[in-house]
Amino acid sequence: MTEVEARGPRLEETAVEHRIRAVLGEVLGDEELAASITDETNIVDDLGLNSIQMINFLLALEDAFDVELEFEELSFSQLESFPAIRQFVMAAMAADR
């Protein structure tokens with residue numbers, strides 16, 4: 001396995017992270033906000049995402065990644081955590097392959 005092949009999954013994860021941040025910035029109406037989101041950012045408390053914005057965010061993620069998210073499998077605690085959302089999207093992407 002080459003070094004590039006070994007880094008492949010991490011590179012994909014990084015691209016997913018950037019895209020999720022961009023989608024979140026669009027939903028919040030503040031695209032510059034995307035750059036400040038870290039793994040420690042609480043999406044609800046720190047960014048002030050309300051319930052309507054959360055629904056729009058999840059629908060926008062479906063469009064951005066061309067996946068169908070299983071909302072029944074998503075808990076509120078996962079919605080607060082950026083790493084959990086990233087993992088949820090990546091699992092949906094893997095399931096659609």
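Phe 65 touches Val 16, Arg 19, Ile 20, Val 89 and Met 93, leaving out residues up to four places away in sequence; contact here means heavy atoms within 4.5 Å. This is a predicted model, in which local features need pLDDT of at least 70 and side-chain atom pairs count only at pLDDT 80 or more, while totals for chains, interfaces and linings use all residues. Residues are numbered from 1 along each chain as its sequence is written, and side-chain values use heavy atoms, with hydrogens and water left out.

**Phe 65 and the core**

Arg 19 lies over the face of Phe 65, at 5.2 Å from the ring centre. A charge is taken to sit over a ring if NZ of Lys or CZ of Arg is within 6 Å of the ring centre and within 35 degrees of the ring normal. The count of aromatic pairs is 0, where rings of Phe, Tyr and Trp (its six-membered ring) pair if their centres lie within 6.5 Å.

Phe 65 also belongs to the largest nonpolar core, which has 27 residues. Such a core is a set of buried Ala, Val, Leu, Ile, Met, Phe, Trp, Tyr and Cys residues joined through side-chain atoms within 4.5 Å. Buried means under 20% relative accessible area, exposed over 50%, and partly exposed in between, with a 1.4 Å probe and protein chains only. Ile 20, Phe 57, Leu 61 and Phe 65 touch the most other members of this core. The elements that give two or more residues to the core are α1 (3-28), α2 (51-65) and α4. In soluble globular proteins, nonpolar side chains tend to be buried together.

**Overall layout**

The protein has 4 helices and 0 strands, in the order α-α-α-α along the sequence. Helices (H or I, at least four residues) and strands (E, at least two) are DSSP runs, numbered from the N terminus. Of the 97 residues, 38% are buried. Among contacts between residues at least 6 apart in sequence, 62% join residues at least 24 apart.

The expected span of a helix is 1.5 Å times one less than its number of residues. Two helices are set out below.

| Helix | Residues in helix | First to last C-alpha | Expected span |
|---|---|---|---|
| α2 | 15 residues | 21 Å | 21 Å |
| α4 (82-96) | 15 residues | 21 Å | 21 Å |

At the start of α2, a side-chain oxygen of Asn 50 comes within 3.1 Å of the backbone nitrogen of Ile 52. The buried residues of α2 are Gln 53, Met 54, Phe 57, Leu 58, Leu 61, Glu 62, Ala 64 and Phe 65. Just after α2, Asp 66 has a positive phi of about 50 degrees.

At the start of α4, a side-chain oxygen of Ser 81 comes within 3.2 Å of the backbone nitrogen of Ala 84. Buried positions in α4 are Phe 82, Ala 84, Ile 85, Arg 86, Phe 88, Val 89, Ala 92 and Met 93. An α-helix has 3.6 residues a turn, so residues three or four places apart point the same way.

Asp 39 lies in the loop between α1 and α2 and is partly exposed, at 38% relative accessibility. Asp 39 and Phe 82 are 43 residues apart in sequence, yet their C-alpha atoms are 5.5 Å apart. Beyond four places in sequence, Asp 39 touches Phe 82, Pro 83 and Arg 86. The side chains of Asp 39 and Arg 86 form a polar contact of 3.1 Å. A polar contact is a pair of N or O atoms within 3.5 Å; within protein, one must be able to donate a hydrogen and the other to accept it, and residues adjacent in sequence count only if both atoms are side-chain atoms.

Thr 41 is in the loop between α1 and α2 as well, but counts as buried because its relative accessible area is 10%. A polar atom of its side chain lies 2.8 Å from the backbone nitrogen of Thr 38. Outside four places in sequence, Thr 41 touches Ser 36, Asp 46, Leu 47, Glu 80 and Phe 82.

Arg 21 is in helix α1 and is buried, with a relative accessible area of 12%. Apart from neighbours within four places in sequence, Arg 21 contacts Ala 34, Ile 37, Thr 38 and Phe 82.

Glu 12 also lies in α1 and is partly exposed, at 26% relative accessible area. Not counting residues up to four places away, Glu 12 touches Met 93 and Arg 97.

Methods:
Phe/Tyr/Trp six-rings, centres within 6.5 Å; stacked < 30°, edge-to-face > 60°.
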